[in-house]
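Hi everyone, thanks for making time this morning. Let me put the model up on the screen, and then we can walk through it together.

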Amino acid sequence: MTDQVRYAWREPVTDGEMIDLVVSHGGRPSPGWWDRISAHSLGWVTARDGALLVGFVNVAWDGGDHAFLLDTKTRGGHQRRGVGTELVRRATAEARAAGCEWLHVDYEPHLASFYLDACGFRPTEAGLVHLRPVNPPSAAGE
């Protein structure tokens, strides 16, 4: 591992690299996820240490004024070194350059200081509808 992290906008990323990155910090990957969603993105920022993908953030959008920061990930061994903050900084700049007026992000409470303090987001009120049933019915119709 070096300290020379290189960042890029819309650099090719394989589904296998995304799976490895998710696993690196204890996540549960969904094979094929990146292949399914990448076409719907405004873009994404990658961070690489040599050839190794060590960070990623996706920028989805509505095709107009609103961009959405999704799936910010930093490899376990590269966390707390500014990689995530730099990924978000670059994603913000690219969304702005694309003409977006707003960049939205949702996050779990333990990530509030990262997004609000380190990355400059401000809290807002929002609404949410859970579209999948909590306990889906069984195949037997129970």
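A pocket here is an open set of points on a 1 Å grid over the protein atoms alone, with protein on both sides within 12 Å along at least five of seven lines, and lining residues have an atom within 4 Å of a point. Grid points are joined across faces, edges and corners, and the volume is the space filled by probe spheres set on the points. Of the 33 residues lining the largest pocket, those closest to its centre are His 25, Thr 72, Lys 73, Leu 111 and Tyr 115.

Before I go on, please keep in mind that this is a predicted model, where local features need pLDDT of at least 70 and side-chain atom pairs count only at pLDDT 80 or more, while totals for chains, interfaces and linings use all residues. Residues are numbered from 1 along each chain as its sequence is written, and side-chain values use heavy atoms, with hydrogens and water left out.

Which elements each supply at least two residues of that lining? They are α1 (15–24), β4 (66–74), α3 (83–97) and α4 (112–118). When I say helix or strand, I mean DSSP runs numbered from the N terminus: H or I with at least four residues for helices, E with at least two for strands. The largest share of this lining, six residues, comes from β4. By type, the lining residues of the largest pocket divide into 13 nonpolar, 12 polar and eight charged.

Now turn to the second largest pocket, with about 810 Å³ of space. It has 23 lining residues, and the closest to its centre are Leu 103, His 104, Val 105, Phe 121 and Arg 122. Here β4, α3 and β5 (102–105) are the elements that give two or more residues to the lining, and β5 gives the most, with four. The lining of this second largest pocket divides into 14 nonpolar residues, five polar and four charged.

Next, the aromatic rings. Rings of Phe, Tyr and Trp (its six-membered ring) pair if their centres lie within 6.5 Å, with planes under 30 degrees apart counted as stacked, over 60 as edge-to-face and the rest as tilted. By this rule there are seven aromatic pairs. One of them joins Trp 34 and Trp 44, edge-to-face, at 4.9 Å centre to centre and 85° between the planes. Trp 34 lies in helix α2 (residues 33–37) and Trp 44 in strand β2 (residues 41–49), so this pair ties together parts that are 10 residues apart in sequence. Both tryptophans, Trp 34 and Trp 44, are buried; buried means under 20% relative accessible area, exposed over 50%, and partly exposed in between (1.4 Å probe, protein chains only).

Trp 34 has another partner: its ring centre is 5.1 Å from that of Phe 56, with the planes at 85°, so this pair is edge-to-face. Phe 56 sits in strand β3 (residues 52–61), 22 residues away from Trp 34, so to speak across distant parts of the chain. Both Trp 34 and Phe 56 are buried. Ring pairs link Trp 33, Trp 34, Trp 44 and Phe 56 into a cluster. The charged end of Lys 73 sits over the ring of Trp 33, 5.8 Å from its centre; the rule is NZ of Lys or CZ of Arg within 6 Å of the ring centre and within 35 degrees of the ring normal.

That brings us to the strands, which pair if DSSP finds at least two bridges between them. β3 is mostly covered, with eight of its 10 residues buried. β2 and β3 pair in the antiparallel sense over eight bridges, and Thr 46 stands opposite Phe 56. β3 and β4 also pair in the antiparallel sense, over six bridges, with Val 59 opposite Leu 69.

To finish, the overall picture: the protein has four helices and five strands, and buried residues make up 33% of its 142 residues.

How values were computed:
1 Å grid on protein atoms, 1.4 Å probe; cavity = no way out; pocket = protein on both sides within 12 Å on 5 of 7 lines; lining within 4 Å. Nonpolar A, V, L, I, M, F, W, Y, C, P; charged D, E, K, R; others polar.
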